[in-house]
Amino acid sequence: MPFFLSTSATATATPLCPPPSPYPSPHFRLPSPPRRGLAFLAASAPQRDLFPTPRQAMASLATSTAAAAAAEVTHLSQRDAADIDEQLMGPLGFSVDQLMELAGLSVATAVAEVYKLSEHTRVLIICGPGNNGGDGLVAARHLYHFGYKPFVCYPKRTAKPLYSGLVTQLESLAIPFVPVEDLPQDLSGQYDIVIDAMFGFSFHGTPRPPFDDLIQMLVSLSVVGDSAKRPPIVSVDIPSGWHVEEGDVSGGGIKPDMLVSLTAPKLCAKKFTGPHHFLGGRFVPPPISSKYGLELPPYPGTSMCVRIGKVPSVDISSLRENYISPELLENQVMPNPFDQFRTWFDEAVTAGLREPNAMALTTVNKAGKPSSRMVLLKGVDKQGFVWYTNYGSQKAHDLSENSNAALLFYWNEMNRQL
Ligand SMILES: NC(=O)C1=CN([C@@H]2O[C@H](COP(=O)(O)OP(=O)(O)OC[C@H]3O[C@@H](n4cnc5c(N)ncnc54)[C@H](OP(=O)(O)O)[C@@H]3O)[C@@H](O)[C@H]2O)[C@H](O)CC1
Ligand SMILES: [K+]
């Protein structure tokens, strides 16, 4: 049975159809709504719950995260990484452009997942001479389209059409190329993220100029005490300068905050101790997985990256969002809150928000104990707001005992709640 949210502060609820239940058809009413709020509610009989309980949802999330963390992830030797590359671009029919595009897109999506645009805008991408550098050039382009402001340092350009094409694409977006000598010794003041795309799995020996100095710049950045005061370092595939299998042998190398391993982590990734380890390069076909016995976490949904290992615990007090929407003034909203609801709801649907009809319903039992739960709006008209629940649910019990209740819609992406 549907529940109604009354459209007038004094209206009582009307059931949509007679309740086939031993429960009475209760009438619920909340006090008159404030001008910009929808704060009254009426109810008839219940039907079925549409959302899993928060406990069920949390349990399933915890299980999938723990499973990904617990599964043994394959780490590749330098030889196997190069072999896989050769096979992908040989018998398996890929071109380097394709793989690089997917690799760079993975890097950009992983960066955007961890470092929100509202806090981190300016991204310096330091690109090396090989394909790792190419991944950086591709990531720069995608980050631009995601809304970031990329700057590229690309001191040793490779004269191949693939690379010059990537440079032309960035130039057409007016992305600045910064010469090494113009980089400040301390990168903290000018950039919010630094992406290390200097060397990948073909690195060997010790870094030659100018990459030796660039790596030192990142080393000094990573030893700044307070990590909140410096730009995080994101390494593409390998922290540049690390031995591909042994890791940071001298102990004086880059200590990235984030590592985006491509195809599969290389052996050095076992020594990575930063908070964010992701896998990207969602292109591995079954012949490669079975030949190399790859154990890799599944990618969620349509995502181009997946976190490997534990999600770091977050300092809740540091979570904040910079709201950039214009302020909402009293004279900008409609006199009737239900008209306002309809306008905003339609805008939320048009904007493509996920489940814009999800709403928090708070009920109160006769002892005055409140309880909130997410439910789905199933209809709205002049009489009120409709949702479903079942006769035995806590909400049905609460509403039959106490007519006070509240609804909240939260459209985060539009900075709106109602
Ligand atoms: N299948 C995949 O996962 C894909 C990954 N991609 C990315 O490609 C890199 C590997 O790319 P590759 O071009 O083979 O190698 P690097 O980018 O690591 O760098 C090679 C260049 O670096 C020079 N180099 C090597 N060591 C040094 C050093 N000590 N000092 C200075 N320069 C060095 C090297 O020059 P040499 O003359 O020494 O040969 C090369 O110019 C992988 O890690 C991923 O990031 C693909 O984009 C897609 C497929
Ligand atoms: K790198």
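In this briefing, two residues are in contact, or touch, when they have heavy atoms within 4.5 Å of each other. With that in hand, welcome to a predicted model, where local features need pLDDT of at least 70, side-chain atom pairs count only at pLDDT 80 or more, and totals for chains, interfaces and linings use all residues. Residues are numbered from 1 along each chain as its sequence is written, chains are lettered from A and ligands numbered from 1 in the order in which they are written, and side-chain values use heavy atoms, with hydrogens and water left out.

**Overall layout**

- The chain holds nine helices and 14 strands; helices (H or I, at least four residues) and strands (E, at least two) are DSSP runs, numbered from the N terminus.
- Of the 418 residues in the chain, 46% are buried, where buried means under 20% relative accessible area, exposed over 50%, and partly exposed in between (1.4 Å probe, protein chains only).
- Domain 1 covers 78-312 and domain 2 covers 330-417, with bounds that come from an automatic or database domain assignment.
- The C-alpha centres of domain 1 and domain 2 are 44 Å apart.
- Taking contacts between residues at least 6 apart in sequence, 71% join residues at least 24 apart.

**The annotated binding site**

- UniProt, in an unreviewed entry, places the feature "binding site" at N132, D196 and S240; UniProt positions are given in the numbering used here, feature names are shortened, and annotations may be inferred rather than shown by experiment.
- These residues span 109 residues in sequence, yet no two of their C-alpha atoms are more than 9.7 Å apart, so they gather at one spot.
- Of these residues, N132 is included in the lining of the second largest pocket. On a 1 Å grid over the protein atoms alone, a pocket is an open set of points with protein on both sides within 12 Å along at least five of seven lines, and lining residues have an atom within 4 Å of a point; a cavity, by contrast, is a set of points where a 1.4 Å probe fits but cannot get out.
- N132 sits in helix α4 (residues 131-146) and counts as buried at 7% relative accessibility.
- Not counting residues up to four places away in sequence, the contacts of N132 include D196, M198, F199 and D237.

- D196 belongs to strand β4 (residues 193-197), and S235 belongs to strand β5.
- D196 is buried at 0% relative accessibility, and S235 is buried at 0% relative accessibility.
- The side chains of D196 and S235 make a polar contact (2.6 Å). A polar contact is a pair of N or O atoms within 3.5 Å; within protein, one must be able to donate a hydrogen and the other to accept it, and residues adjacent in sequence count only if both atoms are side-chain atoms.
- A polar atom of the D196 side chain also lies 3.2 Å from the backbone nitrogen of M198.
- Beyond four places in sequence, D196 touches residues including I126, N132, L218, S235 and S240.
- With the same exclusion of residues up to four places away, S235 touches D196, S240, P256, M258, L259 and V260.

**Nonpolar cores**

- The largest nonpolar core has 36 residues, and those with the most contacts inside it are L137, V152 and I195. Such a core is a set of buried Ala, Val, Leu, Ile, Met, Phe, Trp, Tyr and Cys residues joined through side-chain atoms within 4.5 Å.
- Elements that each supply at least two residues of this core include α3 (96-114), β2 (122-127), α5 (161-172) and β6 (258-262).
- The largest share of this core, seven residues, comes from α3.
- Another core lies apart from it, with 22 residues, among them V178, L183, I215 and L218.
- Setting aside neighbours within four places in sequence, L137 is in contact with residues including C127, V152, Y154 and F177.

**Other positions to look at**

- D80, in helix α2 (residues 78-88), is partly exposed with a relative accessible area of 27%.
- D80 and Y292 are 212 residues apart along the chain, and their C-alpha atoms are separated by 8.2 Å.
- G251 is in the loop between β5 and β6 and is partly exposed at 43% relative accessibility.
- L267 lies in the loop between β6 and β7 (276-280) and is partly exposed at 25% relative accessibility.
- Leaving aside neighbours within four places in sequence, L267 is in contact with H75, L76, S77, V244 and E245.
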